[in-house]
Amino acid sequence: MTLQTLTTSRTSSTASPAGECGPSTGSARRNEQRPAAPASRSRRLAPPSLTRFSAVYLWLTFLVLFGALKFHLFLTVRTTQLVFSQGAVTAVLALAFLVPLTTDTYDLSVGEMMSLSIVLTAWFSQHASIPFGVVAAGTVVFCGLIGAVSGFIVVKLRVNSLIATLGMTQVLSAFQLYVSQNRQIAGKFSTTVVGLGNNKVLGIPFLDIYLIVLAAVMWFVLEHTPVGRRMFAIGGNREAARLAGIRADGIVWSSLVVSGAVAGLAGVLYSAQVGAYTSDIGQGYLFPALAAVFFGASQLSQRPNVWGTLIAYFALAFGIQGLSLQFGAGAFWVSPLFQGVALIVAVAIASTRGSIGRGRDGSAVRRMIRSRSAGEAAARPSAEPAA
């Protein structure tokens with residue numbers, strides 16, 4: 001007989017028949033909880049899950065592999081700053097695509113929305129003496145209004161979001177070609193604006209600071225506010241969410257407005273960093289953004305999420321940078337090949353694990369209904385008459 005069994009039996013023999021909670025009873029409860037300690041300790045010592053943190057493992061693999069092959073070029077501060085500064089704009093665009101995806105709505109127009117923002121800021125810098133801050137704010141608002149038009153088509157006209165935003169992509173492309181006359185526009189920006197897009201503080205590019213602030217705000221809204229929980233509930237099962245009292249149409253519409261505004265912000269940041277517009281910018285930034293969002297949807301919480309998207313994007317960006325250094329100056333084919341394969345694999349992984357359109361069974365809605373029912377039951381007065 002073990003020491004624990006002896007202790008438990010002694011405690012049981014001294015316990016009050018009436019069930020009084022004396023010191024001996026508390027000791028027995030503490031003894032009953034002791035076997036759980038090694039299990040929790042083993043969980044703490046267990047390595048992170050391969051499925052939930054596969055992007056982190058992939059990132060580490062790239063660092064080790066290309067660090068060994070190109071140590072003097074890859075594992076340097078300059079390369080790290082280059083990857084993070086060049087990737088900040090695409091990461092912001094990925095966050096723009098992420099917002100409506102939480103409601104199971106696709107916005108393929110974010111790439112062209114970013115191009116529209118770039119051509120407008122560059123055109124106004126050449127043809128009007130308006131402060132850059134006013135132009136930037138107006139461009140973001142204008143892109144948000146275009147997102148509202150997409151929302152009207154999706155919500156009111158009941159057009160599938162893929163088709164609606166794909167059509168909007170062509171409309172925006174035509175508008176850009178009209179404004180730019182199919183020529184490159186080099187913006188005339190002040191040194192202050194150029195500094196906002198290229199300076200660093202403590203070695204960290206300004207663009208990455210903007211990205212982190214935006215990501216933190218979006219993470220808080222999506223994960224810690226009722227609006228975010230409703231968005232995920234709609235993404236799980238829109239009809240069930242509507243029956244549960246959630247204004248699904250309004251939230252989907254709003255998510256497309258926010259998506260357009262964030263894509264416009266990505267264009268403003270690109271203008272401050274590069275300062276020039278060409279007609280092929282949008283699609284080139286769209287595919288890596290989609291790959292990051294779909295790959296990130298299989299990470300961490302295993303649904304579309306902010307930090308998973310950023311980890312996935314920069315893991316892929318370091319892989320492309322390593323391949324480019326490995327194959328040299330003629331490796332212009334590396335980036336589209338890597339991004340195309342990454343997008344296919346990421347969508348396959350996310351679809352297999354149910355990370356996209358997750359919860360067709362309406363689990364998020366059921367949790368919301370249960371919590372609401374529990375709250376109503378607690379607030380309901382007792383039906384038994386007072387003695």
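**Aromatic pairs and helix packing**

Analyst: The structure holds 18 aromatic pairs, where rings of Phe, Tyr and Trp (its six-membered ring) pair if their centres lie within 6.5 Å, and planes under 30 degrees apart count as stacked, over 60 as edge-to-face and the rest as tilted. This is a predicted model, in which local features need pLDDT of at least 70 and side-chain atom pairs count only at pLDDT 80 or more, while totals for chains, interfaces and linings use all residues. Residues are numbered from 1 along each chain as its sequence is written, and side-chain values use heavy atoms, with hydrogens and water left out.

User: What kind of pair do Phe-97 and Phe-294 form?

Analyst: Phe-97 and Phe-294 are edge-to-face, at 5.8 Å centre to centre with 75° between the planes. The pair links distant parts of the chain, since Phe-97 sits in helix α6 (residues 77-101) and Phe-294 in helix α15 (residues 281-296), 197 residues apart; helices here are DSSP runs (H or I, at least four residues; strands are E, at least two), numbered from the N terminus.

User: Is Phe-97 buried or exposed?

Analyst: Phe-97 counts as buried because its relative accessibility is 1%, and Phe-294 is buried too, at 8%; buried means under 20% relative accessible area, exposed over 50%, and partly exposed in between (1.4 Å probe, protein chains only).

User: And why does the pair of Tyr-106 and Phe-294 count as tilted?

Analyst: The planes of Tyr-106 and Phe-294 are at 40°, with the ring centres 6.5 Å apart, so the pair is tilted. Tyr-106 lies in the loop between α6 and α7, 188 residues from Phe-294, and is buried with a relative accessible area of 19%.

User: Switching topic: what does Phe-66 touch?

Analyst: Phe-66, in helix α4 (residues 54-69), touches Phe-71, Phe-74, Gly-319, Gly-322, Leu-323 and Gln-326, not counting residues up to four places away in sequence, where contact means heavy atoms within 4.5 Å. The C-alpha atoms of Phe-66 and Gln-326 are separated by 7.7 Å, although the two are 260 residues apart along the chain. Phe-66 is buried, at 5%, and belongs to one aromatic cluster whose members include Trp-59, Phe-62, Tyr-313 and Phe-338.

User: Last one: how do α7 and α9 cross?

Analyst: The axes of α7 (residues 110-127) and α9 (residues 161-180) come within 9 Å and cross at roughly 20°, the axes being lines fitted to C-alpha atoms, for helices over the stretch in contact, with angles from 0 to 180 degrees between N-to-C directions. They are therefore roughly parallel to each other (under 35 degrees; over 145 is roughly antiparallel, 65 to 115 roughly perpendicular, and the rest oblique).
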